[in-house]
Amino acid sequence: MFCFQCQEAAKGTGCTVRGVCGKTDNVANLQDLLIYALKGVSIYNLEAKKLGIKNEAADQFIMESLFATITNANFDKNAFVDRIKTALVLRGEVKEQLLKAGGKTEDNLHDAATWSADSVEEFMVKAEKAGVLSTENEDVRSLRELIIYGIKGMAAYAKHAYVLGYKEDSTLEFIQKALVATIDDSLSADDLVALTMETGKFGVNVMALLDKANTTTYGNPEITKVNIAVRNNPGILISGHDLKDMEALLKQTEGTGIDVYTHSEMLPANYYPAFKKYDHFVGNYGNAWWKQDKEFESFNGPILMTTNCLVPPKDSYKDRVYTTSVVGFEGLKHIETENGEKNFSAMIEHARKCQPPVEIERGEIVGGFAHNTVLSLADKVVGAVKSGAIKRFFVMAGCDGRMKSRDYYTEFAEQLPKDTVILTAGCAKYRYNKLELGDIGGIPRVLDAGQCNDSYSLAVIALKLKEVFELEDINELPISYNIAWYEQKAVIVLLALLYLGVKNIHLGPTLPAFLSPNVANVLVENFGIGGITDVEKDIQMFMGEA
Ligand code: FS2
Ligand code: SF4
């Protein structure tokens with residue numbers, strides 16, 4: 001195996017024996033082969049699209065399969081074997097549709113479009129040649145993988161919108177175009193840089209679509225005080241990003257005596273008006289994904305993982321973890337969609353036999369500062385900037401992770417001057433959303449927009465401020481970007497920000513292992529991308545004092 005898609009890549013270069021995330025070499029190889037198979041399906045599907053043939057099953061399968069390969073989403077070898085088999089069947093179906101409609105395929109089709117195998121053993125042999133290292137030139141490899149990781153994040157967001165009935169064919173088509181581009185040897189490094197920017201453009205589109213899907217279905221997030229203590233009933237904990245699963249779980253648990261709590265990236269569900277009507281929706285339990293080994297243990301009740309990030313579960317609570325959608329882990333119970341619905345009754349029965357959660361914290365956290373709320377406070381915010389009460393905003397969105405070096409973000413938040421405001425989204429917030437950082441004239445110093453996809457809100461806010469202050473360039477705003485990344489959704493967020501013209505983004509705790517020195521240079525020279533150093537120095541640099 002060779003995997004370097006996340007921030008925890010071993011030794012800062014790549015995992016080669018077993019993932020730091022817990023992914024086995026077999027699963028890593030099968031994920032590579034699945035991506036390769038998706039490239040083959042896309043070759044035919046794009047040709048078919050030119051003739052007006054729409055294979056929705058193929059579009060959806062490609063989107064979901066990319067999502068399944070995101071860090072910490074699925075560790076189940078069989079899930080990937082099944083997906084590779086399905087990909088090969090779909091590839092054949094699309095090819096047949098294409099040929100039937102009089103379409104042609106190129107004479108020298110890429111191997112991704114023609115290879116076949118039946119057994120797991122053959123898959124394993126093929127996978128060795130289909131992985132990341134099969135691209136020899138390190139700059140081309142770097143750009144290809146940057147694009148692949150961007151479309152993985154894009155596919156995840158597209159899937160969340162899709163389940164709520166929102167989709168954009170142009171995004172699904174772009175994903176396939178990008179897949180095929182990564183096996184096209186005629187593309188130069190410059191072509192791939194241009195495609196990286198286009199990936200950012202579609203990243204903006206997909207985040208806007210998901211924002212529309214979430215807010216149209218569940219209302220605009222409102223300023224909310226979220227309870228972080230517990231009650232004395234058995235509970236179900238729900239984690240991940242899928243708001244439709246949240247809704248279904250709340251509906252099915254209503255009146256059962258079972259309480260519902262959010263974990264990690266599901267915290268922002270507390271901000272949506274549609275979910276506030278449920279009395280048994282108690283609040284948020286715990287912190288970011290990586291603390292689940294302790295927090296799932298003390299929660300005592302069943303846990304539903306709707307998306308990443310799943311940590312390989314400990315035996316002590318393994319029987320209480322349920323997966324759904326693209327999430328998987330051998331031995332865990334998986335809840336399928338049947339006739340468009342998910343049935344959580346097994347989890348509810350399970351919860352009845354469990355003790356209430358052990359209280360690990362008390363109090364409240366405040367959030368719900370997505371674009372609609374912040375823009376409704378625009379006068380106040382603009383007034384505070386004009387009067388000098390707010391000197392600078394810091395976008396500190398992205399991911400949290402278990403590396404000790406991420407303490408930087410807590411210290412950074414603590415040491416920021418008191419006339420600054422943090423704009424956050426994603427699970428990165430857990431590094432500072434429980435600190436007592438106070439407010440500026442009633443505006444809290446940490447404004448949480450929501451999940452990582454709600455980084456879109458932060459971009460909308462920045463664009464609005466640019467308009468209000470009549471600036472030519474988004475970079476003239478008093479906003480600095482100090483973003484923590486971990487997995488591939490952060491990659492699409494980053495590319496989206498670059499596409500919107502944001503410069504001088506600092507990325508940590510380490511720069512991606514998949515950026516070759518030359519590709520990193522392109523990002524530094526064109527966009528001023530930088531890493532992090534130490535808290536004091538970085539604050540001085542951001543505040544223009546160094
Ligand atoms: Fe956090 Fe994990 Fe949101 Fe990422 S819960 S690192 O998947 O997507 O942010
Ligand atoms: Fe390593 Fe990250 Fe890949 Fe897991 S996802 S194998 S930790 S680089």
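1. Let's start with a term you'll need throughout: a residue is called buried when its relative accessible area is under 20%. Cys 3 has a relative accessibility of 14%, so it counts as buried. Keep in mind that this is a predicted model, and that everything below is read from it.

2. Where does Cys 3 sit? Look in the segment before helix 1, which covers residues 25–50. If you skip its neighbours within four places in sequence, Cys 3 is in contact with Ala 9, Gly 14, Cys 15 and Lys 23.

3. With a relative accessible area of 6%, Cys 15 is buried. Its contacts, again leaving out neighbours within four places, are Met 1, Phe 2, Cys 3, Glu 8, Ala 9, Ala 10 and Val 20.

4. Now for what the record says. UniProt, in an unreviewed entry, places the feature "binding site" at Cys 3, Cys 6, Cys 15 and Cys 21. These residues are spread over 19 residues of sequence, yet they cluster in space, with a largest C-alpha distance of 10.7 Å. A disulfide is a covalent bond between the sulfur atoms of two cysteines.

5. The unreviewed UniProt entry gives "binding site" for His 241, Glu 265, Cys 309, Cys 399, Cys 427, Cys 452, Glu 487 and Lys 489. They span 249 residues in sequence, but no two of their C-alpha atoms are more than 14.0 Å apart, so they gather at one spot.

6. Take His 241, found in the loop between strand 2 (235–239) and helix 9. His 241 has 5% relative accessibility, so it counts as buried. Not counting residues up to four places away in sequence, His 241 touches His 160, Glu 265, Met 266, Thr 306, Thr 307, Asn 308, Gln 451, Cys 452, Asn 453 and Lys 489. Among those partners are Glu 265, Cys 452 and Lys 489, which the annotation in point 5 also names.

7. Glu 265 is in the loop between strand 3 (259–262) and helix 10 (273–276). Is Glu 265 buried or exposed? At 5% relative accessibility, Glu 265 counts as buried. Apart from neighbours within four places, its contacts include His 241, Cys 427 and Cys 452. Cys 452 counts as buried too, at 6% relative accessibility.

8. Cys 399 carries another label: the unreviewed UniProt entry annotates it as "modified residue: Cysteine persulfide". You'll find Cys 399 in the loop between strand 11 (392–395) and helix 16 (407–415). It is buried, with a relative accessible area of 5%. Setting aside neighbours within four places, Cys 399 is in contact with Arg 406, Cys 427, Ala 428, Ala 484, Trp 485, Tyr 486, Glu 487 and Ala 490.

9. The largest pocket has a volume of about 810 Å³. It is lined by 34 residues, and Thr 324, Ser 325, Glu 336, Thr 337 and Lys 342 lie nearest its centre. Elements giving two or more residues to this lining include helix 2 (56–68), helix 3 (77–100), helix 6 (138–163) and strand 6 (321–324). Which element gives the most? That would be helix 9, with six residues.

10. An α-helix has 3.6 residues a turn, so residues three or four places apart point the same way.

11. Last one: helix 17, residues 455–468. At 1.5 Å a residue its 14 residues should span 20 Å, and its end C-alpha atoms are 20 Å apart, which agrees. Ser 455, Leu 458, Ile 461 and Leu 465 are among its buried residues. Just after helix 17, Glu 470 takes a positive phi of about 50°.

Note on methods:
Residues numbered from 1 in each chain as written. Chains lettered and ligands numbered in written order. Predicted model: local features only at pLDDT ≥ 70, side-chain atom pairs only at ≥ 80, totals over all residues. Heavy atoms only, no water. Helix = DSSP H or I, 4+ residues; strand = E, 2+ residues; numbered from the N terminus. Expected span 1.5 Å × (residues − 1). Buried < 20%, exposed > 50% of the residue type's maximum accessible area, 1.4 Å probe, protein only. UniProt positions renumbered as here; feature names shortened; annotations may be inferred. Contact = heavy atoms within 4.5 Å. 1 Å grid on protein atoms, 1.4 Å probe; cavity = no way out; pocket = protein on both sides within 12 Å on 5 of 7 lines; lining within 4 Å. Points joined across faces, edges and corners; volume = space filled by probe spheres on them.
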